[in-house]
Each structure stands twice: as structure tokens, then as C-alpha cells.
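Work through the exercises below with the sequence and the model at hand. Each task is followed by a stepwise solution.

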Amino acid sequence: MSSKNTVNATVSIRQFDTDVIIEELYNRVYDSMHDEEPQYDPTLNEMPRENKNDILDALRLYCKETHTQPNKTMTCWVCNEELIWGGDHDFEEDETHFDGHTMITNLSCPQCESYVEVYHGKE
Ligand SMILES: [Zn+2]
């Protein structure tokens with residue numbers, strides 16, 4: 001893309017919609033805990049894991065109550081409708097589920113009622 005097609009402008013964080021900021025915050029905290037190569041973020045890098053969990057729990061609760069998804073979207077294997085995020089669960093360290101995965105996310109389809117569980121976060 002040529003530079004003629006871009007515009008540089010100074011924007012304030014106040015101009016972003018709150019739902020965008022909520023999603024960004026969720027993704028930042030989530031990535032700092034689960035991404036193998038987290039973004040450079042001094043605040044999150046120094047934050048204790050339990051504080052990050054508190055933030056994620058609060059945002060997940062918010063998303064559950066408002067039926068919004070905190071991060072990526074995923075479509076139904078059966079009917080291609082967009083799945084609704086139901087919740088994430090961190091396995092405790094002494095839980096040895098499913099070959100080393102540390103998290104489970106569940107999603108459901110509003111159209112055909114399929115139910116999906118995703119095991120992830122393998123370390
Ligand atoms: Zn479906």
C-alpha cells in the first residue's frame with residue numbers, strides 16, 4: 001500500500017468505544033498469560049498472575065452477562081453460524097487433563113445447538 005493511501009492522525013484513547021477497550025484489555029491480559037511470545041508490556045509483565053486472573057474473570061463475567069465474546073470468533077463446524085463463547089477454565093497445576101493442556105474453552109452454536117470444547121494452552 002502506498003503512503004498516499006494512509007492518513008496519520010493523533011487520536012485520544014477517549015475516542016475509542018468502550019467495548020473496543022474492553023476487548024483490547026482482555027486480549028492483552030490473556031496474551032500476557034498464554035502467548036508464548038507476549039507483547040512488550042511492562043505493566044502486565046510485572047503484574048502477579050493472580051491479579052491478571054482477577055481482571056480476566058471480571059471481563060469474562062461481563063462478557064457472559066452481555067453475551068459478547070471476549071476475543072476471537074469461531075464458526076460452527078456443522079452449520080457455519082458464529083459460535084457463542086460460553087467460558088474459559090484454567091486447569092489447576094495438579095490437574096493432569098488431556099495431555100498437558102492448561103485451558104478449556106467452551107462455545108455453543110445458537111442455530112443448531114452444537115457444543116464445542118477447545119483444549120488449549122499446552123506448555
Ligand atoms: Zn451450528
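Two residues are in contact if their C-beta atoms, placed from the backbone, lie within 7 Å. The model is predicted: local features need pLDDT of at least 70, side-chain atom pairs count only at pLDDT 80 or more, and totals for chains, interfaces and linings use all residues. Residues are numbered from 1 along each chain as its sequence is written.

**Exercise 1. Contacts of one residue**

Task: Find which residues Leu107 touches, not counting residues up to four places away in sequence.

Solution. 
- Step 1. Apply the contact cut-off to Leu107 and leave out residues up to four places away in sequence; Met74, Leu83, Ile84, Trp85, Gly86 and Val116 are touched.
- Step 2. Turn to the protein chain: among contacts between residues at least 6 apart in sequence, 35% join residues at least 24 apart.

**Exercise 2. Elements and sheet**

Task: State in which order the elements of the protein chain run from the N terminus, and which order the strands have in the open sheet.

Solution. 
- Step 1. Helices (H or I, at least four residues) and strands (E, at least two) are DSSP runs, numbered from the N terminus. The protein chain has three helices and three strands, running α-α-α-β-β-β.
- Step 2. Two strands pair if DSSP finds at least two bridges between them. Strand E1 (residues 84–90) pairs with strand E2 (residues 103–108) in the antiparallel sense over six bridges, and Gly87 is opposite Asn106 of E2.
- Step 3. E2 also pairs with strand E3 (residues 115–120), again antiparallel and over six bridges. Thr105 has Val118 of E3 as its bridge partner, while Ile104 stands opposite Tyr119 in E3.
- Step 4. E1 and E3 are the edge strands, each pairing on one side only.

**Exercise 3. Positive phi**

Task: What are the phi values of Asn80 and Glu113, and is each residue buried or exposed?

Solution. 
- Step 1. Most residues other than glycine have a negative phi, and most peptide bonds are trans.
- Step 2. Asn80 has a positive phi near 75° and lies in the loop between helix H3 (49–66) and E1.
- Step 3. Glu113 has a positive phi near 65°. This residue belongs to the hairpin of E2 and E3, which has six residues between the strands.
- Step 4. A residue is buried if 20 or more other C-beta atoms lie within 10 Å of its own, exposed if 12 or fewer, and partly exposed in between, with C-beta atoms placed from the backbone. Asn80 counts as exposed because it has 10 C-beta neighbours inside 10 Å. Glu113 counts as exposed because it too has 10 C-beta neighbours inside 10 Å.

**Exercise 4. The nonpolar core**

Task: Identify the residues of the largest nonpolar core and explain why this core lies between domain 1 and domain 2.

Solution. 
- Step 1. Of the 123 residues of the protein chain, 8% count as buried.
- Step 2. A nonpolar core is a set of buried Ala, Val, Leu, Ile, Met, Phe, Trp, Tyr and Cys residues joined through C-beta atoms within 7 Å. The largest has nine residues: Tyr26, Val29, Tyr30, Leu59, Cys63, Leu83, Trp85, Leu107 and Cys109.
- Step 3. Helix H1 (18–34) and H3 each supply at least two residues of this core; H1 gives the most, with three residues.
- Step 4. Domain bounds come from an automatic or database domain assignment. Domain 1 (10–68) and domain 2 (72–123) both give residues to this core, so the core lies between them.
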